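Welcome, and please open your viewer.

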Amino acid sequence: MRKQTVKWFLPFLLLLPVLSWAQDERPPVTRAFFIDNAFIMQEPGKVIDLGSVVIRNGLIEAVGKGLKAPLDAKTLEGDSLYVYAGFIEGLSHTGVPKPKQPERGSRPEVKDPGNPPNSVAGIQPERSVTDMMKADDKSVSDMRALGFTAAHVVPYGGMLPGQGAIVLLGGDDEREMVLRTNTSLYSAFEGGRRVYPSTTMAIMSKYRELYMQAEQVKGQSDKYATNARGMNRPEYDEVLEAFFPVIDKKMPVFFEVDDVKEVHRAIGLSKELGFDLVLAEMTRGQLVMDKLKATSTPVFLSLDLPKEKKEDKKKGGKGKGDKKDADEKKDKKKGDKEMSPEKKMILDQAEARRDASRKELEEQAAMLAKGGVDFGFSTLNVKAGEIRAHLGRMIKAGLTEDQALAALTTTPAKMLGIADVAGTVEKGKIANLVVTDKPYFAEGSNVRYVIVDGTPHEYEAKKKKKSGLSDPNATVKAAGEWTITIDVPGQSTESTLTITDDGGSLSGTMSAEGESRSLSDVTLDGSNLTFGSQFEAGGQRINLSFDLIIDGNNIEGSVKAGNFGSFDVEGSRTPE
Amino acid sequence: MKKYNIIFLLLFAVATSMTAQTEKGSIHIKNGTVITITNGILENADVVITDGKITGIGKSLKAPKGAKVVDATGQFVMPGIIDAHSHIALDAVNEATNIVTAEVETGDVLDPLDVGIYRALAGGVTATHAMHGSANAIGGQCETIKLRYGTYDPEELKMEGAPRTIKFALGENPIRVHGEGNRLHARTRMGIEQVFRRAFSEARDYMTAQEDYNKKMTSDPQAVPPMYDRRMEALADILRGDIIIHCHSYRADEILMLMNVCKDFGIEKIVYQHVNEGFKVAPELAEFGAMASVFADWWAYKFEVYYSTAYNAAILTRNGVVTSINSDSGDYIRHLYHQAGKTQRYGKLTDNEALRLITLNPAIQLGIEDRVGSLEKGKDGDIAIFNAHPLSVYAVPQMTIVDGIVRFDIKEDNNDMRMSVDPEDVDAMMLDYDHDHRCMEGAAEELFHH
C-alpha cells in the first residue's frame with residue numbers, strides 16, 4: 001500500500017520547494033561575515049577574550065580585538081559567543097553512502113570461494129573515495145551539526161577498500177568538498193564473507209603478498225621505463241599499482257584496528273614491509289603505549305564507547321525502562337534467594353570487572369595524553385548522536401578540555417598534513433569554525449553556527465527540556481493513544497500516535513486526516529520513546545526519526561526529517 | 001654533553017623495548033621430588049633457573065642473586081607439559097575457503113587475551129602447538145607458543161626459534177568442506193591425495209622457475225622473476241625440509257598414502273595427529289621416522305573414527321614410534337597428566353614412558369627438544385609443580401613456571417583471571433563451563449565436527 005502522499009506529512013512537504021530553491025538557486029547575498037565580542041579559542045590554550053573574526057570568501061581574513069565590521073559583512077548574531085576552529089575527523093565514512101549490509105553468514109555467488117574476484121574479496125585499493133561521495137548524504141549534515149568541518153574520508157569495504165581524501169563538510173556538490181585527494185591507503189582486518197581471505201590470518205598473508213608483488217612489479221616497471229627493448233613487459237595490475245605511492249612513502253597506510261591485538265598486528269606489518277602507518281579507531285591504547293611511542297605511530301582514537309550502565313536501575317528499578325537490560329539481569333541472577341552466596345559473589349565480581357573494562361575504554365584518551373602520545377579522533381564506528389556524550393565521558397575520565405580540543409583540531413590537522421590551512425582560528429586559514437553559546441564542552445552548550453569553507457550553517461538553541469520528570473518513581477507507560485503536534489514553522493498539524501505494547505515489544509502507527517503509517521524501531525528507554533518512519537515525496541525518500549520524552553500523560557521532544565532539520569513535537573495522552 | 005647521554009639512553013631504552021624481549025626470571029625451587037624425564041627421579045633436590053634457563057639440578061644448590069625461592073618440600077617438580085595439538089589462544093582456526101592455504105599462519109592470529117591460556121597453565125602446561133584447523137587438505141602454518149599469560153602482545157607468545165610446522169588433513173573433514181560443501185574438489189579420499197600431489201608439483205615448478213631466473217639474471221639484467229607467490233613459497237619450504245608436516249589423520253590406508261606421497265617428493269618430516277588407526281601401521285610409521293600424536297581414549301565421534309583403541313599410544317610406543325598425547329581441546333589440556341596416566345591402565349607404560357608422552361615426545365615432534373621437554377641444565381626454565389606424583393589421580397598442579405616466571409600459582413588463583421572483559425555485558429564465564437573443540441571452527445556451522 002504505497003500512497004503518494006500521506007497527509008500528516010504535509011507540513012514537511014511544504015518545506016521541500018523552499019529548501020531546495022534556497023540551496024540550489026539563490027546565490028548568497030554576501031560571502032563576508034563578522035563575529036563580534038566573542039570568546040575566541042584560537043587553539044587549545046590560546047584565547048582572545050572579547051575578540052572578533054572577519055571571514056571573507058571562504059578564508060579567515062582577520063582575528064583579533066577591536067576589529068570593525070566590514071561594511072559588506074553580515075554579522076552573525078548572538079551574545080558572547082564562543083568560537084573554535086572547526087573539528088576534524090581523522091578517519092571516517094562521512095559523506096559516503098553506506099552500502100547495503102549483506103545478510104549475516106551469507107556468501108556471495110562465486111565459482112570458487114578460494115579465489116574470488118577482487119571486488120568480492122574486498123581488495124580494491126585502486127578505488128578513490130571521491131568517486132563515491134555524496135554531498136547530500138545525511139552523515140555530512142549530522143557531523144557538521146556537531147562542529148565537524150573537515151574529515152579524512154575513506155570508502156566502505158573489506159581489507160583494502162580504497163584510497164582516502166580530505167574533504168570539507170559543506171558545499172553543494174562533491175567536487176566543492178574536496179581538499180586533498182589520495183591521502184591514504186585505507187586498510188582493515190576485515191575479511192571476505194566466507195570467501196578468501198576470510199580470516200585475519202589470510203588477510204595478513206594476502207597483505208604481505210600484495211605488497212611484495214607490488215614491490216616486484218614496481219621494480220620491473222622502473223626498469224622497463226628506462227630500457228624497454230628486449231625486456232618482457234610487466235603485467236598491468238591496478239591493485240598492485242595502488243601500492244606504488246605507499247612503497248615510495250608518498251602515501252601512508254591508515255589501518256583501522258580493533259583493540260590491542262590488531263595494533264600489534266598492524267605495527268608488525270608496517271615494520272616488516274616498511275610502509276608508513278597511521279592507526280585509527282584505536283581502543284585501550286594505554287596498553288600499547290610503549291610501542292606507540294617507540295614507533296612514533298600517529299594515532300586516531302575511536303570516539304565510540306560502550307554503553308553506560310543506567311544508574312537508576314537499582315533505585316527506581318521497576319519501570320519498564322531498561323527492560324531488556326533488567327531482563328538479562330534477572331535471567332542471570334534468577335532470584336537472589338535461590339543463588340548461593342558463592343555464585344552471587346562471582347556475579348558481583350564479574351559485574352565489577354565489566355565496569356572496570358568500561359572505565360578502561362573511557363580513560364584511554366586521558367592516559368595517552370598523560371603519557372605524552374598525541375592523538376586525534378576517528379569516527380568510523382560511532383553514531384553522530386553519541387559523540388558529544390562520549391567526549392563528555394572521556395573528559396570526566398581525566399581528559400582536559402584543552403586536550404580534547406587539540407584532539408579535535410590541531411593534532412588531526414598536523415597528522416593529516418593540513419595544519420597550514422586548518423586546525424586553528426588564524427588569519428589566512430580556511431574559514432572552518434564552530435560557534436557555540438557556552439564553552440563547547442560545558443553542560444547545555446549549543447552549537448549556534450558551524451562555518452564551513454566560509455559558509456555559515458545556523459542552528460537553533462535547543463529549548464530546555466522540562467527539568468526532570470514530575471514524579472521520578474512513576475511508571476513510564478508508552479502504550480496508548482497520544483495526540484501530538486509537529487511544529488513546522490508556519491504550519492502545524494495534529495496527528496494521532498498509537499503505541500501498542502505486546503508483551504514488551506513495542507509497535508505503533510501514526511495517523512492524520514484518515515491516513516496512517518506504521519512506525520519502525522519503536523523503543524522505550526527509560527522515559528525516552530524513539531521510533532522512525534519514512535515517506536516519499538518529490539522522488540526523495542525522507543526518513544523521520546522521533547525522539548520523545550514521556551512524562552506521565554505528556555510527551556515532548558523532536559523529530560528529525562531527513563536533511564531538513566529537526567522540529568519540535570509536543571502532545572498529550574488522548575483521554576480514554 | 002650530559003643531555004646527549006640522556007637522549008642516547010632514552011633511545012636505547014626505546015630500541016630495546018621494541019624488540020619484544022620476553023620476560024625471563026630466576027627461581028630457586030627447593031627440596032622437591034624432581035622428575036627429570038631424561039635422568040631419572042631425584043629426591044629432595046633443587047632446581048635453579050637463572051634468567052629463564054635451568055642452571056642447576058641437584059642437592060643443596062645455591063640460589064642466584066635475587067631469585068625467587070619456592071619451597072617444594074613434599075611436592076613433585078617436572079618439566080612443563082607440552083601439548084602438540086591445541087587451538088587455544090587463537091583468534092581464527094580455519095581459513096576454510098580453499099583446500100590449500102599453506103601461506104596462512106596461525107602465528108598472525110595469536111590471542112594473548114584468551115583465558116584458555118591461564119586454564120592450560122593451571123594444568124601444568126607451558127607450551128602448546130597452536131594449530132590451524134582441519135578443514136583443508138593443506139591448512140595453514142602453525143605456531144609453537146609458550147603460555148606467557150599476562151602479555152597483551154601476540155608476538156610475545158611465540159616460542160622464538162621453534163621450527164615451522166604446517167597442518168595437513170586427510171579424510172572426511174576436507175572432503176566435506178570442499179567437495180561436498182563447496183562442490184569443488186576433493187570429493188573422495190583419492191582426491192585428497194591428488195591435492196597433495198598437485199600442490200607439491202606446482203611448488204616444484206615454482207622452484208624451478210626461480211632457479212632459472214637466478215641463473216638468467218647473472219647474464220641478463222632484464223630478466224623477469226616469477227611472480228612472488230606466498231602459497232608456493234610455503235609449499236617449497238616443505239619440500240626443502242624447512243617445515244614439519246602435522247597431519248590430521250585417522251585411517252591406516254590414508255596414513256600410508258601420505259607417507260608414499262612424502263617419499264615421492266623427498267619429504268622426511270611428518271607427524272601424524274590423532275592417528276586413531278596408527279596401531280595398525282606402527283611398524284611402517286617407525287620405519288619412515290614418522291611420529292604420532294594421539295588422544296588417550298577418544299573416538300567414535302564420526303564414521304572414520306570408529307576403529308580405535310585406548311592401547312594406541314602404548315602400541316605405537318612399543319613399536320618405536322615417537323608418540324605424544326594431545327588435547328585438541330580447551331578442557332583436556334587442563335588434565336593431560338591424567339590422559340597420559342591412562343596409558344598405564346591400557347598398555348602398562350612405565351611412569352617415565354607415560355610422562356614422556358606429554359613432555360619430551362611432543363617436544364621432539366615440534367622440533368624443540370633441545371629447549372624443553374625435560375629438566376636438564378641449559379634448557380628453558382619451564383616447570384610444573386604438583387602436590388603429588390603427576391600420574392596420581394590425586395595430583396593437583398600447584399605452580400607453573402615459564403622461562404623462570406611464575407605464570408600460575410594455585411595460591412593466587414582468583415575466580416576471574418580473564419585478561420579482557422566485555423564492557424557492556426556481565427559474562428560470568430566462570431559459571432559456564434565449556435569444552436569447545438575448534439578443529440573445524442570457521443568451516444561453516446553445519447560442518448562443526450572434529
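Start in chain B by selecting Ala186(B), which sits in the loop between α3 (172-181) and α4 of chain B. Bear in mind that this is a predicted model.

Move over to chain A and pick Tyr196(A) together with Pro197(A). The bond joining Tyr196(A) to Pro197(A) is also a cis peptide bond, with omega near -5°. Pro197(A) is found in the loop between β9 (178-188) and α5 of chain A.

Back in chain B, select residues 27-35, which make up strand β1, and look for Asn31(B) within that strand. Asn31(B) is not a glycine, yet its phi is positive, at about 60°.

## Two crossing helices in chain B

Next, colour helix α4 (residues 189-219) and helix α5 (residues 230-239) of chain B. Their axes lie 9 Å apart and meet at an angle of about 95°. That angle makes α4(B) roughly perpendicular to α5(B).

Show the side chains where these helices touch. On α4(B), the contacting residues include Phe200(B), Tyr206(B) and Met207(B), while the α5(B) side includes Met232(B), Leu235(B) and Ile238(B). Sorted by class, the residues of this contact are 10 nonpolar, one polar and three charged.

## A salt bridge within one helix

Select helix α3 of chain A, residues 138-146. Asp142(A) and Lys138(A) both belong to this helix and are four residues apart, about one turn. Asp142(A) and Lys138(A) form a salt bridge, with their closest N and O atoms 2.9 Å apart. Over all chains, the structure holds 52 salt bridges.

## Where the chains meet

Now zoom out until both chains are in view. How many residues of chain A are in contact with chain B? The count is 59 residues of chain A, meeting 55 residues of chain B. Between them, the two chains bury about 4,700 Å², with 56% of that on carbon and sulfur atoms. Highlight Met201(A), Lys261(A) and Arg353(A): these three supply 16% of the area that chain A buries against chain B, more than any other three residues.

For a close-up, select Arg208(A) and Glu105(B), whose side chains meet in a salt bridge at 3.6 Å, N to O. Seven salt bridges are counted between chain A and chain B. The interface also has 27 residue pairs in polar contact, with both residues at pLDDT 80 or more.

Finally, colour the chain A elements that give two or more residues to this side: α5 (200-226), α8 (259-273), α9 (289-295), α11 (323-333) and α12 (341-370). Which element gives the most? It is α5(A), with 13 residues on the side of chain A that touches chain B. By class, that side of chain A has 21 nonpolar, 15 polar and 23 charged residues.

How values were computed: Residues are numbered from 1 along each chain as its sequence is written. Chains are lettered from A and ligands numbered from 1 in the order in which they are written. This is a predicted model: local features need pLDDT of at least 70, side-chain atom pairs count only at pLDDT 80 or more; totals for chains, interfaces and linings use all residues. Side-chain values use heavy atoms; hydrogens and water are left out. Contact means heavy atoms within 4.5 Å. Buried area is the accessible area (1.4 Å probe) that two parts lose on being put together, summed over both. A salt bridge is a side-chain nitrogen of Lys or Arg within 4 Å of a carboxyl oxygen of Asp or Glu. A polar contact is a pair of N or O atoms within 3.5 Å; within protein, one must be able to donate a hydrogen and the other to accept it, and residues adjacent in sequence count only if both atoms are side-chain atoms. Ala, Val, Leu, Ile, Met, Phe, Trp, Tyr, Cys and Pro count as nonpolar, Asp, Glu, Lys and Arg as charged, and the others, Gly among them, as polar. Axes are lines fitted to C-alpha atoms, for helices over the stretch in contact, and angles run from 0 to 180 degrees between N-to-C directions. Angles under 35 degrees count as roughly parallel, over 145 as roughly antiparallel, 65 to 115 as roughly perpendicular and the rest as oblique.
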